[in-house]
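Good morning, colleagues. Please turn to the sequence and the structure that I am about to show.

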Amino acid sequence: MNGKNIDFSKCVIPSIIYATPEIAWAGKCEQELEEGTYRKSVLPIAVSPKATTDDEIDGLIKVLEQNGKIVGAHIISKEASSLLPIFQYAIENEISYNKLEELTYAHPTFAEIISESLLNLDNKAINILKY
């Protein structure tokens with residue numbers, strides 16, 4: 001860009017399908033990770049109070065964590081393309097999932113699902129039923 005070399009990771013380039021709901025992903029998928037070396041969080045988008053309020057409950061969020069870092073995110077939701085950049089930034093900068101869950105997310109917003117998905121990695125999600 002402007003005659004300068006810019007380092008970037010191809011795996012962090014976002015992929016988005018603009019449909020209803022949107023589908024967005026960045027980073028690695030489970031098939032790229034060795035079994036037993038990562039953890040995943042999968043939550044229905046209905047966990048988001050905003051999704052429920054807006055009656056936009058179709059979809060899910062999946063986060064892949066390895067060695068304390070987020071390595072992949074996959075979102076199917078009305079706001080998937082808007083939610084993905086937070087995960088892209090975390091993947092690119094190797095930010096720990098614990099650090100990312102410290103962000104304060106406005107309520108009610110679709111972005112709250114990010115916090116929930118990260119808390120769910122440690123079985124601490126707030127807005128899901130515990131069985």
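Predicted model: local features only at pLDDT ≥ 70, side-chain atom pairs only at ≥ 80, totals over all residues.

Residues are numbered from 1 along each chain as its sequence is written, and side-chain values use heavy atoms, with hydrogens and water left out.

Let us begin with the fold. The protein chain holds 4 helices and 5 strands; these are DSSP runs, H or I of at least four residues for helices and E of at least two for strands, numbered from the N terminus. Their order from the N terminus is β-β-β-α-β-β-α-α-α. The radius of gyration is 15 Å, close to the 14 Å from the globule rule for 131 residues, so the chain is as compact as a globular protein of that length. That radius is taken over C-alpha atoms, and the rule is 2.2 Å times the number of residues to the power 0.38.

Of the 131 residues, 40% count as buried, meaning under 20% relative accessible area, with exposed being over 50% and partly exposed in between (1.4 Å probe, protein chains only).

The largest nonpolar core has 28 residues, and I70, F87 and L118 have the most contacts inside it. Such a core is a set of buried Ala, Val, Leu, Ile, Met, Phe, Trp, Tyr and Cys residues joined through side-chain atoms within 4.5 Å. Helix 2 gives the most to this core, with 6 residues. Leaving out residues up to four places away in sequence, F87 touches, among others, I61, I70, L100 and L118; a contact means heavy atoms within 4.5 Å.

Which residues of helix 4 are buried? They are E112, I113, I114, S115, E116, S117, L118, L119 and N120. Since this is 9 of the 9 residues, helix 4 is largely enclosed by the rest of the structure. Its buried residues pack against strand 3 (39-44), helix 1 (49-53), strand 4, strand 5, helix 2 and helix 3.

Finally, consider T109, in the loop between helix 3 and helix 4. T109 is partly exposed, with a relative accessible area of 22%. Neighbours within four places in sequence aside, T109 is in contact with S48 and K50. T109 and S48 lie 61 residues apart in sequence, yet 7.4 Å apart in space, C-alpha to C-alpha.
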